[in-house]
Amino acid sequence: MTVLIKAAQLILSLSLLIVLHEGGHFAFSKLFGVRVEKFYMFFDYRFRLFSTRMKWFTRLFPRFKDNETDYGIGWIPLGGYVKIAGMVDESMDTEQLKQPAQADEFRSKSIPQRFFIMAGGVMMNLITAFVIYSAIMFSWGEDYLPVENIRDGFEYNEQAHAAGFRDGDLPVAIDGEPLLEWQTSVLRDISTATTVTVRREGREVTLTMPILPEEWIAHRDYTLLSCIPAGIRYGWDTLTGYVSDLRYVFSREGAQSVGSFITIGSIFPDAWNWLRFWNITAFLSIILAVMNILPIPGLDGGHIMLLFYEGLTGHEPSETAMLWIERIGLGFIIALMCLAFGNDIVRFIFPLFS
């Protein structure tokens, strides 16, 4: 039953984020008059589970000509996509490019318009995260740990000792500004966790966290107006913290920590909890935004990188170059997925038979 609850939360969360991400590309394409041929949640290699052209939408909003778009659900739950006319993407469909460019194709639009079309998914994911965090602040408020309630200082690593810190020090100000509460999402999560798993001398050890006295924890409620800046602040702290931690991915330990949907599903709670669900969904939305903006061919950031190249040189890469760039990017993504699934097999599957 626990597995089913986790799986249901994972599917709901990723489905929402995929639709919103692809919806960002779709919205800017429609805004600039670019034809969108397909809008799919999950991939539909060879066959699909569902599809429709929503002709009723065209009758209500003739300007959008929405009967030109095939909306559907594929059978491979590894993401989703929109197929934009006149663009080389993961579909590798180059037949359109052999014909003269049409006014409603991606390649006919200006570089700024194409930039917003490609960045639309990332923008939508960031907006989604900020909206969710703001809604959480409004609905549940925020628990935090005031600095004055921390009775003891901290132990520090070798690098911190070299910078002048000593064990037992308790930070109270940063750049002259009083430090009133801990805002780092990781420390907040640890402070409220029941167990934390650490890597120690080459093996994983699960620690039972001490229960903080209730009088240590403070609570703050937000109004409809104040929850918005609070949600944006929390989302921005989470975003910058995640970007800062990306450098560890390129280490050996970082590569071993990469996980697939199995790892993602494992972070959802055993019982349905809407606060935890929305917190995790907002964090996944930030991860999706950051990963997609990386300058990797095949991802949104790879397409944006090519737009910058075109803007600097005055001409776009040839069709052959675009195809090879897309193939290299897809190869890298597939290799990363294999690494993620391999790590999960070692992490979750093999222990079941030991």
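Predicted model: local features only at pLDDT ≥ 70, side-chain atom pairs only at ≥ 80, totals over all residues.
Turning to charged side chains, the count comes to 10 salt bridges. One of them is formed by aspartate 270 and lysine 6, with an N to O distance of 3.3 Å; this pair links distant parts of the chain, 264 residues apart, since aspartate 270 is in the loop between α8 (261-266) and α9 (274-293) whereas lysine 6 is in helix α1 (residues 2-31). Aspartate 270 is partly exposed at 47% relative accessibility, while lysine 6, with a relative accessible area of 17%, is buried.

A salt bridge also joins the side chains of arginine 35 and aspartate 104 at 2.7 Å, N to O, and it connects the loop between α1 and β1 (36-52), where arginine 35 is found, to the loop between β2 (70-84) and α3, which holds aspartate 104, the two residues being 69 residues apart. At 26% relative accessibility, aspartate 104 is partly exposed.

Between the strands, aspartate 70 of β2 and arginine 48 of β1 are 22 residues apart, and their closest N and O atoms lie 3.1 Å from each other in a salt bridge. Aspartate 70 is buried at 8% relative accessibility, whereas arginine 48 is partly exposed at 39%. Finally, salt bridges with shared partners join Arg35, Glu37, Lys83 and Asp104 into one network.

Methods: Residues numbered from 1 in each chain as written. Heavy atoms only, no water. Salt bridge = Lys/Arg side-chain N within 4 Å of Asp/Glu carboxyl O. Helix = DSSP H or I, 4+ residues; strand = E, 2+ residues; numbered from the N terminus. Buried < 20%, exposed > 50% of the residue type's maximum accessible area, 1.4 Å probe, protein only.
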